[in-house]
Amino acid sequence: MTTEFAVELCEVTKKFGQVVAVDNISLEIHDGEFFSLLGPSGCGKTTTLRLIGGFEMPTSGEISIGGEQQGYKPPFQRPVNTVFQNYALFPHMTIFQNVAFGLQMQKVPKDEIERRVEEMLALVQLPGMGSRKPNQLSGGQQQRVALARALINQPKVLLLDEPLGALDLKLRKAMQLELKELQQRVGITFVYVTHDQEEALTMSDRIAVMNEGRVLQLDGPEEIYEQPANRFVADFIGETNFMMGKITELSEDRAHVLIDDQVPVRVLRTRDVRVGQEVTIAVRPEKFSVTKDKVREIDIPGVVEEVIYIGTDIRYLVRITDQTLLAVREQNSGGMAAERFRVGDDLHIGWYARNTSLLTE
Ligand SMILES: Nc1ncnc2c1ncn2[C@@H]1O[C@H](COP(=O)(O)OP(=O)(O)O)[C@@H](O)[C@H]1O
Ligand SMILES: [Mg+2]
């Protein structure tokens, strides 16, 4: 069997007793891709990764790696390696021995092991550190050793389960860029699990957003952020304003929506809707602009209820109806307070049609 996919899940379900951890997932991961599974705690990310790695067996469905069905193959017979959150280095072994471990198991000749370990340590920016013990390294360095150990026998696919989760924020951000660059250099397919949406957006070629064992959207970072497919994705990724309304009229390319039975807006008709249908309009806070007069193609009058000074940004909470309060994020390019709106001011919230998500679920 030939296929271009590094990993293929076909209708995969995993149950633990009554718990459906993975619920009928089908997806394909391309060769050389940085692919992320993103979702809240308990949504089935780790289980999906463990199924690919062979640490769990599916209740039903099939998993192929490099075009070959894996069936019930154990982990060591699959062309994958795994990096866990807690490094899992052998504490009594040196860094060299930790990285060399996989090759020694395969009875690779000693001089070749030495050469390849040194290459790997250089690749993860730890040259010459081979004789140290894990406890003589920082958290970030230990995680690099774990990476070197997982990459050294050139797996087809590297599985990573929240590998940066134990690091502090600054180091995590640095390691995100490093890891992405490393992945591009070695060209190995990465399947990366994280609950951190910013991490997924920064690093991934594509992201599968999961909830309750299902994939709710599978797309590139920009599509996920700019065109969320449903309320869950819009809400989980970044911050979003939701406006609830009903479709009152449809034209060829526009849908007229009456928000809270009061405020009419005309948005792009980006999905199948019918007159009378209840819909949600989602707009990100930074897509709004607030002005004294109407200036944008979509416009809603409102009253300022709160002004929050963040430094880089000003955040306004603007009431448009009894039920709906909108968050607006404006860059603080002006500076002084005199130029800003104040609590109680009447203003207009405007935005572009292209920055609107029309959601039906
Ligand atoms: N070995 C197991 N036995 C029973 N339930 C499990 C087991 N592993 C995971 N689960 C359950 O499956 C669901 C998904 O878990 P998991 O894949 O670890 O989620 P995530 O990694 O997204 O936090 C959770 O409800 C979890 O409690
Ligand atoms: Mg997990």
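The turns below take up the ligand shell and then the pairing of strands.

Reply: This is a predicted model, in which local features need pLDDT of at least 70 and side-chain atom pairs count only at pLDDT 80 or more, while totals for chains, interfaces and linings use all residues. Residues are numbered from 1 along each chain as its sequence is written, and chains are lettered from A and ligands numbered from 1 in the order in which they are written.

Me: What makes a residue part of the surroundings of ligand 1?

Reply: A residue is near a molecule or strand if its C-beta atom, placed from the backbone, lies within 6 Å of it. Ligand 1 is surrounded by F16, V19, A21, G39, S41, G42, C43, G44, K45, T46 and T47. Two or more residues of this shell come from each of strand 2 (19-30) and helix 1 (45-53). Helix 1 gives the largest share, three residues. Helices (H or I, at least four residues) and strands (E, at least two) are DSSP runs, numbered from the N terminus.

Me: How do you know how many residues of the shell around ligand 1 are nonpolar, polar and charged?

Reply: Ala, Val, Leu, Ile, Met, Phe, Trp, Tyr, Cys and Pro count as nonpolar, Asp, Glu, Lys and Arg as charged, and the others, Gly among them, as polar. By this rule the shell has four nonpolar, six polar and one charged residues.

Me: Why are strand 11 and strand 14 called paired?

Reply: Two strands pair if DSSP finds at least two bridges between them. Six bridges join strand 11 (residues 241-250) to strand 14 (residues 278-283), so the two count as paired, and they run antiparallel. M243 stands opposite I281 in strand 14. Strand 11 is also joined, by five antiparallel bridges, to strand 12 (residues 254-259), where I259 faces G245. Strands 11 and 12 form a hairpin with three residues between them.

Me: Which strands run parallel, with four bridges between them?

Reply: They are strand 3 (residues 34-38) and strand 9 (residues 206-211). S36 has I207 of strand 9 as its bridge partner. Strand 9 also pairs with strand 10 (residues 214-219), in the antiparallel sense over five bridges.

Me: What makes strand 15 and strand 18 edge strands?

Reply: The open sheet of five strands has the order 15-19-16-17-18, with antiparallel pairing. Strand 15 (289-291) and strand 18 (325-331) each pair on one side only, and they are the edge strands. Within this sheet, six bridges join strand 16 (residues 298-309) to strand 19 (residues 346-351).
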